[in-house]
Amino acid sequence: MVDDATARAWLAEVGFAEGDLRSEITINEKMKCPMAWACQSGELGVCKWLHKNGAAEDVTKANTTTGATPMYLACQEGHLSVCKWLFEVGAAVDITEANNDGYTPMWAACQEGHLSVCKWLYEVGA
């Protein structure tokens, strides 16, 4: 896990204010919450820090505009370690959860060519 200063610096760098651990804000014309952004970016240490510091329920929180969950975003970007961590901390149901366009984490991983994520998703029941 990263320390407080490193996590806070990363959050500030990507556009979140000090108290925005659970807020959805607009970044690059898309709504993002810190947990989803960290998962999409592959920042496992920041994900764990957020989970420990008040954003635990956000591991399954779908984006309000796209319906993408942190699991979907991590699979789409090929961040296997983040996917496994999400699965362990409560996002197991999200391995089959489709976004607003009907695309699942498996579809996203396949579309982007992330074979290791596809294999893992298959092994855990997606």
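## Starting with a cysteine

C33 is buried, with a relative accessible area of 3% (buried means under 20%, exposed over 50% and partly exposed in between, using a 1.4 Å probe and protein chains only). This is a predicted model, where local features need pLDDT of at least 70, side-chain atom pairs count only at pLDDT 80 or more, and totals for chains, interfaces and linings use all residues. Residues are numbered from 1 along each chain as its sequence is written, and side-chain values use heavy atoms, with hydrogens and water left out.

C83 isn't in a disulfide either: its nearest cysteine sulfur, from C75, is 3.5 Å away. C83 is buried too, at 0% relative accessibility.

## How the chain is built

You'll find seven helices and two strands here (DSSP runs numbered from the N terminus: H or I of at least four residues for helices, E of at least two for strands). Going along the sequence, the order is α-β-β-α-α-α-α-α-α.

## Overall shape

The chain has a radius of gyration of 14 Å, which agrees with the value near 14 Å for a compact globule of 126 residues. That radius is taken over C-alpha atoms, and the globule rule is 2.2 Å times the number of residues to the power 0.38. Along the principal axes, the C-alpha atoms fill a box of roughly 35 × 30 × 25 Å. Out of the 126 residues, 41% count as buried.

Notes. Disulfide = S-S within 2.5 Å.
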